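Dear colleague,

I am passing this structure on to you, and my notes on it follow below. Please read them with the model open beside you.

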Number of protein chains: 2
Amino acid sequence: MIYLDNAATTKPLPGIKDVYSEYAQSLWQNPSALYAPATEVQRRMDEARTVLLNAFGGTGHKCFFTGGGTEGANTVVLRGARLKKGMNYVCGGAEHPCVEESFKWLEGQGYPVTWVRPDAHGVVSAEDVAGAVDESTALVSVMHVNNETGAKNDIAGIAARVKAKNPQTLFYSDGVQAFLRENAVDTSNIDYYTVSAHKVHAIKGAGAVFCGKSTPLKPFLLGGGQEYTLRSGTQNTLGAFCFEKSADYFMQEGTRVGETLEALRQAFIGALDGVEEMHLITPAERERRCSHIVNVAFEGVNGETLLHALEAKGIYISTGSACSSKKGKSRIAKALGMREEVAAGAVRVSFSPFNTEDEAIAAAAEMKKNIAQLRRFMRK
Amino acid sequence: MIYLDNAATTKPLPGIKDVYSEYAQSLWQNPSALYAPATEVQRRMDEARTVLLNAFGGTGHKCFFTGGGTEGANTVVLRGARLKKGMNYVCGGAEHPCVEESFKWLEGQGYPVTWVRPDAHGVVSAEDVAGAVDESTALVSVMHVNNETGAKNDIAGIAARVKAKNPQTLFYSDGVQAFLRENAVDTSNIDYYTVSAHKVHAIKGAGAVFCGKSTPLKPFLLGGGQEYTLRSGTQNTLGAFCFEKSADYFMQEGTRVGETLEALRQAFIGALDGVEEMHLITPAERERRCSHIVNVAFEGVNGETLLHALEAKGIYISTGSACSSKKGKSRIAKALGMREEVAAGAVRVSFSPFNTEDEAIAAAAEMKKNIAQLRRFMRK
């Protein structure tokens, strides 16, 4: 099996098994209980927070745990800025559905949202964002790395421009696809950043929000007041410990992670050399893209057909993103203004540091073979 | 270690380790992806739903997974009934904070909520609930088993009375403390029921909502449209599989679970015989209480002091509930109209089928010894 859908989810690190064992043995207690074994769980949760905050490069930020990336995004967008009359919002035009749908909810409540159109690769311009901000803008949201195209936004630069235009405006970035795979950026103007554990070889059902220590935020989940009252519900402590384990792994690997991912990308794209009518949807320039996502379309080849042809050889990729696979055509393709023929052909190949160059090359070779066959078939 | 705080959380079943192994090996894929290994995960999720629905005794209900009991309660209360002008709500007066805070949110939005006062043990009367329902009541919420006192409400009877008064009114019950430990009830008038995995020897960060197939419900978490669009976010599939494993265990044990829990309770209370000025806050009659929670107060003895005295002997109990332990005094004590001396002395002992009668008796004996010592100290 060659698994190249790491932007959808990832296989747990081997070491996660030991995290589970320790959890099941001695760390399963409820961190809110009053006796020492429970207090120890709380202490370990705080250690996990510190590890994650360091990986984020937080400066004056705190960290609280959530049930995943979607919950984090909902919390920030729907509870991060006080809903006052006359306020407006600014949102990138190719955000993940958990961000986009949250802003659409606000639109439904009567708050104006300016959608900033990205370029044809999914990159959002700092100038365009700053241009949309005015004295009544409550919150701006621009994702760090686009989950479909792999476009990377200069969130530190955008945040600085936003603050220069209106220091009161809060800046949020969905970091689910960037965290631990892209280098940490200057976080001083980033008020909120959300991450997910299962995208980085931990387990599903856990995420975290980084937010400024005195940045306004109200709880989205209401109840017992866990996580400094910011997120009620017994914490997914196992998920938090696994997330910590992954962050430890990625931090120890350091720059090797980025180098490996970039090498995988180069090997893959190199092996596609010679394929005609190929459209690289992911930006070409390193500073405008991540290394681990390649979104590419082959004219005359249906993406889903190609996906299943590769599946027959044990190679797993996706069309667009798994998050929107059941919602029909890619919203993103539409947002980027892609021609229909290109959009229908788009596939997403996404790497993890555990993939090998041989796998990337084998996948590209298999794609090449199938593209030729499918095109012959289509043109008959 | 004698762990008697099973209402706060439970130790994972030994078999959960195998569930993790299978997940890490072959079931870690994203269920929304389009290839066969992912479709297999989706199929296994559907199997888990069926197991849980059977355990609930659903008739015409569906099941979707959440990140836990709190998220389920928030979803039902805040999204279960259409917010129309002039509507009102009815809620039990001793509900879990995740329910109570959700109704308080609705109050803040201008919707009237009638809080139905329970009796001194936490039991809510069907008559009182029905009396509070009128032609504009959108939703009624009465928990199945009270997490602090162990009071059990006749939710089938209450739901029937509610429907007789107004067939349009929706009925919700928080089943977190009852599910799999109390016998399933007639669910035909129950529109929503929420449960949590970590209370029944699975892992944290997973829960489920049972709701009528055509009962109105809007999503609380917004995004990619997973779980039949009712709950966005990549599912905590590991959590769901572990929950299924626990439900399988409890269903196989059948009536033995209830018998074991009742025997533990009898052994514990029997061993407390002779303690003076003891107040059993949990109702005495079997039909008005669960078997696994005993809430008891000893006059002149501070509950937290007793908790720590027992902790020194490796016996773990709680005061009130872990969910509210960090929020100061018990809301419930107040709701039940307890005298301050009694409330300050209340401790909660909660069993699991894995406890032994010897443990229950040893805990009671240690409590007796400490109560006598603490009373001598207090009265000096």
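**Notes on the model**

In helix 9 (residues 303-311) of chain B, the buried residues are B:Gly303, B:Leu306, B:Leu307, B:Ala309, B:Leu310 and B:Glu311, where buried means under 20% relative accessible area, exposed over 50% and partly exposed in between, with a 1.4 Å probe and protein chains only. Helices (H or I, at least four residues) and strands (E, at least two) are DSSP runs, numbered from the N terminus. The N-terminal end of this helix 9 of chain B is capped by B:Asn302, which has a side-chain oxygen 2.9 Å from the backbone nitrogen of B:Glu304.

This is a predicted model, in which local features need pLDDT of at least 70 and side-chain atom pairs count only at pLDDT 80 or more, while totals for chains, interfaces and linings use all residues. Residues are numbered from 1 along each chain as its sequence is written, chains are lettered from A and ligands numbered from 1 in the order in which they are written, and side-chain values use heavy atoms, with hydrogens and water left out.

The contact (heavy atoms within 4.5 Å) takes 66 residues from chain A and 66 residues from chain B. Because 100% of the interface residues of chain A are also interface residues in chain B, the copies meet through the same surface. Between the two chains there are 12 residue pairs in polar contact, both residues at pLDDT 80 or more; a polar contact is a pair of N or O atoms within 3.5 Å, of which, within protein, one must be able to donate a hydrogen and the other to accept it, and residues adjacent in sequence count only if both atoms are side-chain atoms. Helix 1 of chain A gives the most to the side of chain A that touches chain B, with 6 residues.

Within chain A, A:His292 is found in the loop between strand 9 (278-280) and strand 10 (293-298), and A:His292 is buried, with a relative accessible area of 1%. The side chain of A:His292 makes a polar contact with that of A:Gln177 (3.2 Å).

Best wishes
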